[in-house]
Amino acid sequence: MVEVENLTIRSGAFVASRLTLRIEGGSYGVLMGKTGCGKTTLLEAICGLRSVLEGSIRLCGRDVTRLRPAERQVGYVPQDLALFPTMSVREHLAFALRVRRVPAAETDRRVAITAEMLGISHLLERMPQGLSGGEAQRVALGRALAFQPQVLLLDEPLSALDDDTRQDMYQLLRDLQRRTGVTTLHVTHSRSEARALADQLFRFDKGVVQQQTLDLPD
Amino acid sequence: MTERSTDDETTASLPPLPACRPAPDWPFMAALVILGGSYVVLILALLVADAAYTTPGHLLESLAKPEIRYAIKLTLITCSIAAILSVWVATPLGYLLSRFRFPGRLLVDTLLDIPIVLPPLVIGLSLLILFHLPVGGTTIEDFLQQHLHLRVTYAIPSVILAQFAVACAFAVRTMRVTFDQISPRTEWVAMTLGCNRSQAFWRVVLPQAGRGALTALTVSWARSLGEFGPILVFSGATRFRTEVLSTTVFLELSVGNLNAAVAVSLLMVLVALVVLGIVRLFGTPASSGIV
């Protein structure tokens, strides 16, 4: 569950105040809003990458407002994916496990399972530079999911993909969410993404986040 | 008077414009080659002139002299130590300046330009004054000699310090640009995956900064090789003690031995080409980061 209450955050000159949002455990929440409205800043605040001036963030019942990003158990996929250019796909999937000092054999087993789940087993030895947009997206998702986070945060993850790949990714994201049960917050400005994926829909407009019904107009 | 278009007028109703016939590209390309090439030609001309002035015999003769062999050895050692120290210090400093906003950042940034803009001779003079300025009844030089039995001024440590004082500023600039070009998002993602700042730096940022660190190393090494003014003031030019190749050129010139001075100059070019060539050869693995 993701509970954001009366949150005030600042990013440079931009301030968003008293934001409230609640995504039920295991739900797929989609947050829509125009470019520059502060969606990314809100997502980064939930990750712990932006300092919070006021309010609270609770993830699965635990108050994480003052915790460092590493302590929040949040999987994060930024808009530009931010893959590590010096690491292979295998190293991406193993990254969070190695940081947690998971034994090598167990790391290999988990990497194999994650890769299988995302359909990237054949890419494990590749470097990110040679991956297509859809493949890179799957690697970023795998990296974020490999340590079984409680919450998955996706910042416009499909914006750079072509239509066919995007349709595949809708299916993959729904499937992943069903199989892992991870509570997801997906930020987008695309109505078709919201229609295809959302269990709960929110709109960020004029500094206010409001929950909306799922029947979006075209 | 301007004509106003009517509502139903579109660009399709306007007469088509003729296709573009731009002027040829060769004048632009020629300007690039001539202007850029003039500098390359100047450097080549300098080297050719030096080579024409001296003979292989002079070069071998210089190489055979024990004082010049000592200078070559000291040059290689001091330049390498100064370059490694420079990168060692420039990496945290460049990272701090690139990633964090802190009080006095602008002042630090300006201070770092001082070794770049000041004449190197002044750096040497300032080092000499710093080490011999009485503070609390002693000087840094006396303190180091009494407590660590370390002589700095007019000894080998002063050569390294003089080279480091100037070269490090160039290494900091290089490392800062390197970190500026690495997206902080990769660190952020690493932190959400369980890293603290230090782990994110060592595991994610530093591997991407490899090429930049190598550039900083070569820039500071080359800068150290060319250092002369501060070494002359702070270390002196004593044969078999503080003589590096740049001071050899000066010493040979000062006694009117132009042939030897030119031969040593060419030797410096060769040493620089070999060392920088080796570093570049081994420092460009296919998987290195984007800098």
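This is a predicted model: local features need pLDDT of at least 70, side-chain atom pairs count only at pLDDT 80 or more; totals for chains, interfaces and linings use all residues.
Local features are given where pLDDT is at least 70 and side-chain atom pairs where it is 80 or more, whereas totals for chains, interfaces and linings use all residues. Residues are numbered from 1 along each chain as its sequence is written, and chains are lettered from A in the order in which they are written.

**View 1. Chain A as a whole.** The secondary structure of chain A comes to 6 helices and 10 strands (DSSP runs of H or I with at least four residues, and of E with at least two, numbered from the N terminus). Its radius of gyration, taken over C-alpha atoms, is 17 Å, which agrees with the value near 17 Å for a compact globule of 218 residues (the rule being 2.2 Å times the number of residues to the power 0.38).

**View 2. The side of chain B that touches chain A.** Here 18 residues of chain B are in contact with 18 residues of chain A (C-beta atoms, placed from the backbone, within 7 Å). Helices H9 (184-192) and H10 (197-208) of chain B each supply at least two residues of this side, and H9(B) gives the most, with 6 residues.

**View 3. Helices H3 and H11 of chain B.** H3 (residues 66-99) and H11 (residues 210-226) of chain B pack at about 135°, with axes 8 Å apart (lines fitted to C-alpha atoms over the stretch in contact, with angles from 0 to 180 degrees between N-to-C directions). The contacting residues include B:Ala83 and B:Val87 of H3(B) and B:Leu217 and B:Trp221 of H11(B).

Notes
Two residues are in contact if their C-beta atoms, placed from the backbone, lie within 7 Å.
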